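Please open the model in the viewer and keep the selection panel at hand. The stops below are meant to be followed in order.

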Amino acid sequence: MKKNIFFILLVMFSLASLYSCKERPPSVRNIDVDFKLIPFYEDLFSIEPYFQNIGNEKQRLIEQYGDYFETYCTRIIGTSPLDDEDFVKNMAFFLSYEANQEVADTCKKYFSNLNKLEKEIKQAFKYYKYYFPETIIPDVYLHISGFNQQAIAVDSFWVSVSIESYLGKDCVFYEWLGIYQYMRTKMTPEKIVPDIMKGLAMTDYEYNDSIDDLLSRMIYSGMILYFVKKTNPKLDEEFLMDMTSKELKWCKKFERAMWASIVEKKHLYSTDRMIMQKYVYDAPFSYYFGQDSPGRAAHFVGLKIIESYLKRNPDVTLSQLMTRNDYHKIFLESGYRP
């Protein structure tokens, strides 16, 4: 009986030790954030796409959405300026284009209930506010870009999400557009919130290209990934890395081999754009790691360098980390040895 009790206590102690080693996210229960989730595209596509209607609605849209409306028109969908005589014609064409209408209708159905998304954004913003108390929490707009704009547009007071980019990897639109399968893995609703946080991080903390080499790009991508991880602590690792489970397992298994390959090829401090692209750009696989590797696998190594750096420098806060743009110094102080 005593042996059984001892065994149970030993197991409980082992489990407690295991869980204590995992970093627990801070409590953000008492942090308040104030923002609006605005399905702007629904309002826009509710307008009958006739010249007179758009002309009549133009002033209302300007008054209701302010600078956002102008930015959306001129920078996201590429109309002429609002005061240009061709603006109404440009907007009428965009709204009347049958494919855009079909996309808008699909998005309305797919995202008919925004409560879950709003809750997830709010939680991420709470962590954002926890780590960056002085930050301004932006409103979040949902727009349709006609698949000609990056998923996230960021301003000081708002974030705008190209909602048609998150209709699920099996969406027929992506097939019609010929979007590669490896790109579709990140075109799911689960990616909206981490992409919002990634957009904020890359806007607030831009890449320092004073030494633009592979090491710098890897470490910067690692910093951005760490920021997303901290503001989305429950995010699955696959969604964080934009990889399948199989691809992530490959990276974990071959982390040391990847690092050895980079060093042996003397690519770590390479400033050759073609070489860097083959490590950090979207692709079906990472050229120098072989066809079994996932694309952008060097981002995984970059995150591991950042984690090693913070393990050696536990007093460095997230806000302090994001302002450190001497990437070579971060690497030297990381003691990274996979």
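The tour goes from a helix to a pocket, then to salt bridges and cysteines.

This is a predicted model, in which local features need pLDDT of at least 70 and side-chain atom pairs count only at pLDDT 80 or more, while totals for chains, interfaces and linings use all residues. Residues are numbered from 1 along each chain as its sequence is written, and side-chain values use heavy atoms, with hydrogens and water left out.

**Helix α11**

Select residues 214-231, which form helix α11 (helices are DSSP runs of H or I, at least four residues, numbered from the N terminus). Its 18 residues reach 26 Å from first to last C-alpha, close to the 26 Å expected (1.5 Å times one less than the number of residues). Of these 18 residues, 17 are buried, so α11 is largely enclosed by the rest of the structure (buried is under 20% relative accessible area, exposed over 50%, partly exposed in between, with a 1.4 Å probe and protein chains only).

**The second largest pocket**

Next, select Glu23, Tyr226, Lys229, Lys230 and Glu307, the closest to the pocket's centre among its 27 lining residues. The pocket has a volume of about 840 Å³. A pocket here is an open set of points on a 1 Å grid over the protein atoms alone, where a 1.4 Å probe fits, with protein on both sides within 12 Å along at least five of seven lines; lining residues have an atom within 4 Å of a point. The volume is the space filled by probe spheres set on the points, which are joined across faces, edges and corners. Helix α16 (297-312) gives the most to the lining, with 6 residues.

**Salt bridges**

Keep Lys229 and Glu307 selected: they form a salt bridge, with the closest N and O atoms 2.9 Å apart (a side-chain nitrogen of Lys or Arg within 4 Å of a carboxyl oxygen of Asp or Glu). Lys229 lies in α11 and Glu307 in α16, so the pair ties together parts that are 78 residues apart in sequence. Lys229 is partly exposed at 34%, and Glu307 is partly exposed at 23%.

Move to Lys116 and Glu120, whose side chains meet at 2.6 Å, N to O. Both lie in helix α7, 4 residues apart, about one turn of the helix. Lys116 is exposed at 60%, whereas Glu120 is partly exposed at 32%.

**Cysteines**

Finally, select Cys107 and Cys171. The whole structure has 0 disulfides (pairs of cysteine sulfur atoms within 2.5 Å). For Cys107, the nearest cysteine sulfur, that of Cys171, is 8.0 Å away. Cys107 is buried, with a relative accessible area of 0%.

Note on methods: Helices (H or I, at least four residues) and strands (E, at least two) are DSSP runs, numbered from the N terminus.
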